[in-house]
Amino acid sequence: MPDAPLGRRERNKQAKLERITAAAGELFARHGIDEVTTHQIAEAADIGTGTLFLYARNKAELLLLVQNSHYATALERGRAAAAHQDEALQALLALLTPIIECNRVHVGNGRTYLREMVFGDPAEPHHAQALAISGRTGEAIAGILIEHLGVTTEDAAKYARVASAIMFLTMASSEYADSSVEDIVGAIRSQVQAVLPH
């Protein structure tokens, strides 16, 4: 049964959310989160600052709002790429590479996103959505390990947490702040290879 059409109020809310997401995304991509004010975002979205805060309480939540959709798309691209690999490590790297690429579009924004995902308020809806995407990434990693290595579901979940932690710590580390996607993938490859069962 198709969803009931949205009422006018809901359509207006959705349109405002889309304008806010587009405005924040464009300004963050151009200037970085630290150089953009909520007033600038509200002005670009053609809404009042008070209205903006109904959708996100601060810039960090706005960044989560913007990046979540990018990360979800990157995860789906990674899933599709991993499905064409015959070996566990190659499938994992195929899964993770689009996520790494997404994170490196603007390094400062990517690192802030990861920090907010880890330390932000889990009750905040955009943060909860980020955690859900991270959870789906872990499930995808576990699925690859079950398929290619034949590990148990319980062991796959443990290895997936380790692989996810390696990816997030490598992307967030100051050591890799100026590194290319290829360098980060290489660093993750060597670390994950060391912990996977052989």
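Modeller: S164 counts as buried because its relative accessible area is 9%, where buried means under 20%, exposed over 50% and partly exposed in between, with a 1.4 Å probe and protein chains only. Bear in mind that this is a predicted model, with local features needing pLDDT of at least 70 and side-chain atom pairs counting only at pLDDT 80 or more, while totals for chains, interfaces and linings use all residues. Residues are numbered from 1 along each chain as its sequence is written, and side-chain values use heavy atoms, leaving out hydrogens and water.

S164 sits in helix α8, residues 153–172; helices are DSSP runs of H or I with at least four residues, strands are E runs of at least two, and both are numbered from the N terminus. Skipping residues up to four places away in sequence, S164 touches G138 and I141, contact being heavy atoms within 4.5 Å.

I141 also turns up in another contact: A88, A91, L92, L95, L96 and I99 of α5 meet T137, A140, I141, I144, L145, H148 and L149 of α7. That set splits into 11 nonpolar, 2 polar and no charged residues, with Ala, Val, Leu, Ile, Met, Phe, Trp, Tyr, Cys and Pro taken as nonpolar, Asp, Glu, Lys and Arg as charged, and the others, Gly among them, as polar.

As for geometry, α5 (residues 88–103) and α7 (residues 125–149) pack at about 165°, axes 9 Å apart. Axes here are lines fitted to C-alpha atoms over the stretch in contact, and angles run from 0 to 180 degrees between N-to-C directions.

In soluble globular proteins, nonpolar side chains tend to be buried together. Beyond four places in sequence, Y113 touches L63, L64, Q67, N68, Y71, A130 and I133.

Zooming out, the chain has 9 helices and 0 strands, and buried residues make up 43% of its 198 residues.
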